Structures are given as structure tokens and as C-alpha cells.
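Please study the sequence and the model shown below.

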Amino acid sequence: MEQISLFNEEKTLVLVGRIGNGKSTTGNSILGRNAFKLRTRSSSESHICELQKNVTKDGSIINVINTPGLFDGSDSVGKEIIECIDVAKDGIHAILVVFSVRTRFSEEEEATLRVVQTLFGHKITDYMILVFTGGDELEYNDETLEDYLGGCPQPLKDILLQCDNRKVLFDNKTKDEKKQLQQVQQLMNLVNMVMSKNNGQPYTNKTFVRWQEGSQLKEEITNLLETLEEERVQRLMIEEKLKLAQASLNDEIQKLRYNHELANTRPHILQQLMSMCGIL
């Protein structure tokens, strides 16, 4: 009876992840409505935490807190994510780290866990669930999440190991109501597992304060975000160079095709000229 009561109580979930991975659309899927607006990178509102809630058919309440996208160039992201603890007055029952199967697992993706652990402490892994968006793309390619993870980099495998393999695939584009309900139910089953693991105790201000005592949190966060920003800039520079190299290669390919087509048409033109000379 105590376990049933525990799982029916109000639950608070926090969405974190790199910008563009689909945090807002995932939050909307969980809530069953367009609660979070899809924002552009330049929107100032995307730099603050936002809480939306939903009351399920059984009367339980689900709170979803959407946090700023990590690595969006804002120097206040760490502060805003920490403040989500204050937004969650009764504590955080699960933290959802959102990845996308549409993008390559990069250094920034790997750094997401490092940032979360730096902000909240290593204890936060007991509350973490990995959410992979882009389920429609895997379905189109006739792949499962297990297929996708089978060839994933070692750092992602390590993260899954730390999270006791708590993961779920979301298709935020589906119009199939049954599928929508199934993926949300699968997530909530994992949330119940997290709550059971932590004896129903959410991550609270007290937990954070205990971890923060004696630590140089601000300096750690600043150093980490500076390092990650440098890595991001370097990656963008490399990607830009690759784009330029690809564009140059495409131009060369076009020239080769043109020369090849021209070479193929020359014998035909020569034959026509010889024929005209014969007529003359």
C-alpha cells in the first residue's frame, strides 16, 4: 500500500540536454499538450527554467521543468539549471537527460553528463533517465533503440551503465495516440523505478546544500563551461572547414562531369562536321 501511494503522488521531472535535442517537444509529449513553446536559439526566454504541469486520469500530478539548452553560448545556463531546484518545491523525482538519435554523439553530448554531475553532484545519477528523441527516424530505417545503441561510442555506454540502463525512445512526431501513451507510460515506469531506488526521497535543496558544502561549486562550473565553450568553438571551426572542403570537392566533381560529358559529345560533333564536308 505504501508503494502504491508513493507512485501515485505528485512527481516532478526535469529536462536537461544540449540545445536542439528536443527537450521542449519531449516535455509536450509527456504532458500531452503544447505546453512548452518551441523557441529559437536567439530567444531570450530560452535561457530560463519553465515549469508546466498535467493532471492524469488517475488524478496524479506530473510537473515537468524545462531547462535552458546546454552549450547555447549563455553564461547563465549553470545558474538557471541550479535554480530549477527552487522551482521544484518538493524536490526532483527524476532528471531526464535528452539525446537525439538524429545527431552524432559528440564531445558536447558526453559533456552533458559532466555538467549535470558538476551542478548537482554524483548522487544525481541515481535520479537520471536517458531519453532518446527521433524515434520516427529509427522506425523509418527499421531499427530499434537497441540497434542504435549497439554501435554507440564507449562514453555513451558508460553513461547507460551509470544510469542502470534506464532509457526510453520517444517519437515526438507521431500522431498515433496509442504509441504516444505507450512511450509516456514506459517513461513513467522508469520514473517509478528511480523513486523506488531512492526510497521515494526526491533530490531536494537539502541534498544539494549537503553536496555543495565545502565545494568550490562556482569555480568548478565556470572552469567546466569555459572548457566546453572552447571545445564547441573548435568543433564549429572544424565543421566549417569540412563544409568548405566539401563545397570545393563538389565543384571539382561538377567540372569533371562537365569535361566527361564534353569529351563524349566531341566525337558526335566531329562526325557531323565530316558528314557536312562530304556533302560539300
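The questions below concern a sheet, a helix, a pocket and a group of aromatic rings. This is a predicted model, in which local features need pLDDT of at least 70, side-chain atom pairs count only at pLDDT 80 or more, and totals for chains, interfaces and linings use all residues. Residues are numbered from 1 along each chain as its sequence is written, and side-chain values use heavy atoms, with hydrogens and water left out.

Q: What is the bridge partner of Leu130 in S6?
A: S5 and S6 pair in the parallel sense over 4 bridges. Within S6, Leu130 has as its bridge partner Lys167.

Q: How many residues of H2 are buried?
A: A residue is buried under 20% relative accessible area, exposed over 50% and partly exposed in between (1.4 Å probe, protein chains only). Among the buried residues of H2 are Lys23, Asn28 and Leu31. The helix is mostly covered, and of its 9 residues the number buried is 7.

Q: Which helix gives the largest share of the lining of the largest pocket?
A: A pocket is an open set of points on a 1 Å grid over the protein atoms alone, where a 1.4 Å probe fits, with protein on both sides within 12 Å along at least five of seven lines; lining residues have an atom within 4 Å of a point. The largest pocket is lined by 31 residues. H2 (23-31), S2 (50-55), S3 (61-66) and H8 (177-197) each supply at least two residues of this lining. The largest share, 7 residues, comes from H8.

Q: Why is the pair of Phe132 and Tyr148 described as it is?
A: Rings of Phe, Tyr and Trp (its six-membered ring) pair if their centres lie within 6.5 Å; planes under 30 degrees apart count as stacked, over 60 as edge-to-face and the rest as tilted. The search of the whole structure finds 3 aromatic pairs. For Phe132 and Tyr148, the ring centres are 6.2 Å apart and the planes stand at 70°, so the pair is edge-to-face.

Methods:
Pairing = 2+ DSSP bridges.
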